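The sequence and structure are shown first.

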Amino acid sequence: MSKPVVLIAEELSPATLDALGPDFEIRNCDGADRSELLAALTKGVDAILIRSATKMDSEAIAAATGLKVIARAGVGLDNVDIPAATAAGVMVVNAPTSNIVSAAELAIALLLASARNVSQAHATLRDGKWARSKYTGAELYEKKLGVIGFGRIGQLVAQRMAAFGMEILAYDPYLQPARAAQLNARLVTLDEILAESDFITIHLPKTKETANLINSEALKKVKPTVRIINAARGGVLDESALYDAIKEGRVAGAGLDVFATEPCTDSPLFALDQVVATPHLGASTDEAQERAGIAVAVSVRKALAGELVPDAVNVKGGAIDEAIRPSLPLVEKLAQVATALADELPVSIDVKVFGDISVHDCSVLATSALKGALVATGAETVTYVNAPNIAHERGLSSSVATDRESLEYRSMISLHAAFSDGQSITVSGTLMGIKMVEKIISIDNFDLDLAPADYLLFLKYTDRPGVVGTVGNSLGKAGINIASMQVARDKAGGEALMAITVDSAIPADIVEIVRKETGSHLARRTTLVV
């Protein structure tokens, strides 16, 4: 068999290739050269590894037939068209924690350089001037540091600057006060940050909500002695407004690593003695580059092996707990069985998780259910990436609920599928033992102990003698070997459900023969696919 093809479009750490291992065919191209990139993508690529220079827009994604993964060795994804990738079923992964230490340390370096006029004093000394009195700075001790955006990087900065004896103020609309308290930070409003802080450091992504958040109006609220650091994303801080504020003496200084338009080599801010600037060096350490390369290489290996990837940015459900992972294929199979029994796509699927695993984040199981149902109706190239969009287009929704109590099993999952004609089907399953063996334990009110197999046949009929023999005879004549058979019934002479696993696919005409010869009012076959 040919190896999956991984296209490396930019220079990456040698550790990246080591992490990928020998199981892939490695190709290289210059991702910044548009024609070279498109030509390479059309030659059959399973995954592409990029940094910031390669633009994976809708045109590039459309050119890459068969592409399964776009891996960005870094944090930002401005150069990837995530909606286009999602529509094409292409997983997008990045390395969200690879550069957080490097970014935090650079923000601190800019803060210290701004506080003590390091860059300006250095330049003056190189010009042969001993301007000691001109560059009197400010101590950090007992000053207030305002951290705008208290995520992972903001928290790292706060922890380190607390060691300087600074009081930490934090603004983050998504942060719980208890978490801020754990880090010895005081959670405040943005206006309080602006009014009280001696130093302000920005750690926000650029979004519609945060674009030019620190604008001319905001800069009217700050102390004239404040120094502002931005090593997060350009465009969050209004550079024109900052220039005016520094020129007018309303802001004492700034440390900048990012800019609204990059590369940026000609900004009025660079002419100001109060500004220290670097060319987007936040992730530019050997350690960060190596971590990023290794992280995305591991993600590519997992994705191409059919596993879900915690760092996938376009898979609903977010990071997947290890305790939940074994349940993903089980839920897919439960959904396939329910869909096959009804012989149509459900309009809604409700997944309920009982017992031990219910304490974990089970939200991704909603996507598992959608994927299983879509696959059962013959939908092609359904992935965890595009399943929600395909399901929405076809009028299918799903939900997940949890219950800590499970009476018969340590954990179990019940999937309730509702259909447009008013019928509903409930299929339940569990994972048994240390080996986590999949079992279907019930269908509606019929108890089973059924291991999901590739080929299944279900019959519903009125309980009576001779049906088992008739089924065996009919399948035997067709050359189909029965691997196992179970019969459940609601009462003697009542309704019965027969579940049969066989060694090969059952043709539709054989299913109809079995239905007629057994007098079954329902006969459904399914081929389970995960």
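## Helices α13 and α14

Helix α13 (residues 327-342) and helix α14 (residues 365-376) have axes that come within 7 Å and cross at roughly 40 degrees. That angle makes α13 oblique to α14, given that angles under 35 degrees count as roughly parallel, over 145 as roughly antiparallel, 65 to 115 as roughly perpendicular and the rest as oblique. The crossing of α13 and α14 is right-handed; a crossing is right-handed if the near helix is turned clockwise from the far one by less than a right angle, and left-handed if anticlockwise. Axes here are lines fitted to C-alpha atoms, for helices over the stretch in contact, with angles running from 0 to 180 degrees between N-to-C directions. Helices (H or I, at least four residues) and strands (E, at least two) are DSSP runs, numbered from the N terminus.

The model is predicted: local features need pLDDT of at least 70 and side-chain atom pairs count only at pLDDT 80 or more, whereas totals for chains, interfaces and linings use all residues. Residues are numbered from 1 along each chain as its sequence is written, and side-chain values use heavy atoms, with hydrogens and water left out.

On the α13 side, the contact (heavy atoms within 4.5 Å) involves S327, L328, V331, E332, A335, Q336 and T339, which meet L365, S368, A369, K371, G372, A373, V375 and A376 in α14. The residues of this contact divide into 8 nonpolar, 5 polar and 2 charged. In this classification Ala, Val, Leu, Ile, Met, Phe, Trp, Tyr, Cys and Pro count as nonpolar, Asp, Glu, Lys and Arg as charged, and the others, Gly among them, as polar.

K371 and E332 form a salt bridge, with their closest N and O atoms 3.0 Å apart. The pair links distant parts of the chain, K371 being in helix α14 and E332 in helix α13, 39 residues apart. Both K371 and E332 are buried, where buried means under 20% relative accessible area, exposed over 50% and partly exposed in between (1.4 Å probe, protein chains only).

## Other salt bridges

Side chains of opposite charge can pair when their charged atoms come close. A salt bridge is counted when a side-chain nitrogen of Lys or Arg is within 4 Å of a carboxyl oxygen of Asp or Glu, and by this rule the count comes to 19 salt bridges. One of them joins R34 to D57, the closest N and O atoms being 2.6 Å apart. R34 lies in helix α2 (residues 34-41) and D57 in the loop between β3 (47-50) and α3 (58-63), so the pair ties together parts that are 23 residues apart in sequence. R34 counts as partly exposed at 27% relative accessibility, and D57 counts as partly exposed at 28%.

K68 forms a salt bridge with D46, and here the closest N and O atoms are 2.7 Å apart. This pair links K68, in the loop between α3 and β4 (69-72), to D46, in the loop between α2 and β3, 22 residues apart. K68 is partly exposed at 40% relative accessibility, whereas D46 is buried, with a relative accessible area of 16%.

## Helices α16 and α17

The axes of helix α16 (residues 467-477) and helix α17 (residues 508-518) come within 10 Å and cross at roughly 150 degrees. The two helices are therefore roughly antiparallel to each other, and α16 passes α17 in a right-handed crossing. V467, T470, V471, S474 and L475 in α16 meet I510, V514, E517 and T518 in α17. By class, this contact has 5 nonpolar, 3 polar and 1 charged residues.

## Backbone features in loops

The peptide bond from E262 to P263 is cis, with omega near 0 degrees. P263 lies in the loop between β11 (253-256) and β12 (275-277).

D343, although not a glycine, has a positive phi of about 60 degrees. D343 is found in the loop between α13 and β13 (348-355) and counts as exposed at 58% relative accessibility. M436 likewise has a positive phi, near 55 degrees, in a residue other than glycine. M436 is in the loop between β16 (424-432) and β17 (437-443) and, at 35% relative accessibility, counts as partly exposed.
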